[in-house]
Amino acid sequence: MADPFAPNDVWLVGAGPGDPELLTRKAERLLREASVVFYDALVGPEVLTLAQPGTRLVHVGKRSGRHSKDQRTIDRMIVDAALAGERVVRLKGGDPCIFGRATEELDACRAAGIAVRICPGVTAASAAAATLGLSLTLRGLARKLTFVTAHARGSEKLDLNWSALADGEGTLVVYMGKAAASEVSSQLIAAGLSRDTPVALVESASLPEERVFLTRLDLLGLASRTTMGHGPTLLLIGKALKSCDSRIITFGQKQVFRRERGNETLPA
Ligand code: SAH
């Protein structure tokens, strides 16, 4: 197979949601053949073990409130490594082009005359749907799928078009939405979405510590504060989530509580 790294090329690679088996074959190959990998906080730890022992692994992660490197520093590190002739992989959680600040890095590389290529990844919404065992779209009931980020800078209020998002015929997937869950819930209800719209919270989808909590829109804020841990969490809202016809709460892929047709039972 031809060498995927032309001189000075950078690859922007999707690491998927965490489970290394959810990497694309191309991503795995690029990781094996890189000389340096700049990776985010959300890249699953096992994914990094796929790099060769001599590969330099550089953490440039950002978790909200704990920015370890600013975006410009990251851009410069990538550009410098590429100009120095390294085989550069920039590894980002999920798909690099979904809430991944890819544009800044693409622009920085291109401005420096460096070609960047993109290897897509499985985004967290797809992993969460797989965890829940359901489809995010439903014929006739959920014809629209919206990905939105509810990350607000500092104490800024969320500036989203709530009436457009409060669509009973769509599925809304909220990235970076755990801290703003109460506001998401109250704004969607105020904009007309039914209080009992089904909601799922999925934390660390595809990882061993995965957790799921199913609830309804008016209880979303409470559920987010009381049921989730510290991992990355998606909020999924809409009729499509009703297809989980039992209420399942899982902790670490172990189902601990199940309610079907009003009967609460512990799993056998
Ligand atoms: N590019 C990534 C998203 C980055 S934004 C992608 O395509 O998935 C970061 C947010 O993604 C987190 O705050 C969380 O809302 C979500 N996320 C990422 N990985 C996740 C996972 N394994 N489980 C649940 N949510 C996840």
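**Reading burial, helices and a ligand shell**

Guide: Let's start with Ser-204, which is buried, with 26 other C-beta atoms within 10 Å. Keep in mind that this is a predicted model.

Visitor: How many other C-beta atoms make a residue buried?

Guide: The cut-off is 20 or more within 10 Å, so Ser-204 with its 26 passes. Ser-206 counts as buried too, with 22.

Visitor: Where does Ser-204 lie, and what is its phi?

Guide: Ser-204 sits in the loop between S10 and S11. Its phi is positive, about 50 degrees, although Ser-204 is not a glycine. Ser-206 also belongs to the loop between S10 and S11, and it has a positive phi of about 80 degrees without being a glycine.

Visitor: And is Glu-104 buried, exposed or partly exposed?

Guide: Take the count again: 12 or fewer is exposed, 20 or more is buried, and partly exposed is in between. Glu-104 has 13 other C-beta atoms within 10 Å, so it is partly exposed. You'll find Glu-104 in helix H4.

Visitor: What does Glu-104 touch, not counting residues up to four places away in sequence?

Guide: Glu-104 touches Gln-71 and Asp-75. Look at Gln-71 in particular: 33 residues separate it from Glu-104 in sequence, yet the two C-alpha atoms are 7.7 Å apart in space. For the protein as a whole, take the contacts between residues at least 6 apart in sequence: 70% of them join residues at least 24 apart.

Visitor: How many residues of H5 are buried?

Guide: H5 is mostly covered, with 7 of its 9 residues buried. Among them are Ala-124, Ala-125 and Leu-132. The cover includes strands S8, S9, S10, S11 and S12. Just after H5, Gly-133 has a positive phi of about 70 degrees.

Visitor: Last stop, the ligand. Which residues around the ligand come nearest?

Guide: Of the 25 residues around it, the nearest are Gly-94, Thr-123, Ala-124, Ala-205 and Pro-232.

Visitor: Where does the largest share of the shell come from?

Guide: From H5, with 3 residues. H5, S10 and S12 each supply at least two residues. In terms of domains, domain 1 (10-119) and domain 2 (124-265) each give at least three residues to the shell.

Visitor: How many residues of the shell are nonpolar, polar and charged?

Guide: The shell has 14 nonpolar, 8 polar and 3 charged residues.

Note on methods:
Residues numbered from 1 in each chain as written. Predicted model: local features only at pLDDT ≥ 70, side-chain atom pairs only at ≥ 80, totals over all residues. Near = placed C-beta within 6 Å. Helix = DSSP H or I, 4+ residues; strand = E, 2+ residues; numbered from the N terminus. Nonpolar A, V, L, I, M, F, W, Y, C, P; charged D, E, K, R; others polar. Domains from an automatic or database assignment. Contact = placed C-beta atoms within 7 Å.
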